[in-house]
Amino acid sequence: MTVNAVDWIITENGPSFTFTTYVRKPAIEVILEQNRLPSDTVLTQISAAAAKIPSTGGCIGRADVPTAAK
């Protein structure tokens, strides 16, 4: 998921979700309990700070993956 130009990987851990920045060093990890705070609100606010950490790449979509030569 991308929020304000910051890519996040989402992992469900039972009653909580872990959001980890993708291709940023150091990475930022946010753990939110389900149904406590809207994750989009939290990530929107945190992404402004996370965007200050240099990115070494970005998420790609299926259309960006090269096809194998035949």
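Two strands are said to pair if DSSP finds at least two bridges between them. Strands (E, at least two residues) and helices (H or I, at least four) are DSSP runs, numbered from the N terminus. The structure described here is a predicted model, in which local features need pLDDT of at least 70, side-chain atom pairs count only at pLDDT 80 or more, and totals for chains, interfaces and linings use all residues. Residues are numbered from 1 along each chain as its sequence is written, and side-chain values use heavy atoms, with hydrogens and water left out.

**Strands and hairpins**

- Strand β1 (residues 2–3) pairs with strand β2 (residues 6–13) in the antiparallel sense, over two bridges.
- Val3 has Val6 of β2 as its bridge partner.
- Two residues separate the strands in the hairpin of β1 and β2, where Asn4 takes a positive phi near 50 degrees.
- Six bridges join β2 to strand β3 (residues 16–21), again in the antiparallel sense.
- Within β3, Thr18 stands opposite Thr11.
- The hairpin formed by β2 and β3 also has two residues between its strands, and Gly14 in the turn has a positive phi of about 65 degrees.

**Surroundings of Thr20**

- Thr20 lies in strand β3.
- Leaving aside neighbours within four places in sequence, Thr20 is in contact (heavy atoms within 4.5 Å) with Asp7, Trp8, Ile9, Ala27, Ile28 and Glu29.
- The side chains of Thr20 and Glu29 are joined by a polar contact of 3.4 Å; such a contact is a pair of N or O atoms within 3.5 Å, where within protein one must be able to donate a hydrogen and the other to accept it, and residues adjacent in sequence count only if both atoms are side-chain atoms.
- Ile31 is eleven residues from Thr20 along the chain, and their C-alpha atoms are separated by 8.7 Å.

**Nonpolar core**

- A nonpolar core is a set of buried Ala, Val, Leu, Ile, Met, Phe, Trp, Tyr and Cys residues joined through side-chain atoms within 4.5 Å; buried means under 20% relative accessible area, exposed over 50%, and partly exposed in between (1.4 Å probe, protein chains only).
- The largest such core has nine residues: Val3, Val6, Trp8, Phe19, Val30, Leu32, Val42, Leu43 and Ala50.
- At least two residues of this core come from each of β2, β4 (29–33) and α1 (39–50), and α1 supplies the largest share, three residues.
- Phe19, one of the core residues, is buried because its relative accessible area is 3%.
- Not counting residues up to four places away in sequence, Val42 touches Val30, Leu32 and Leu37.
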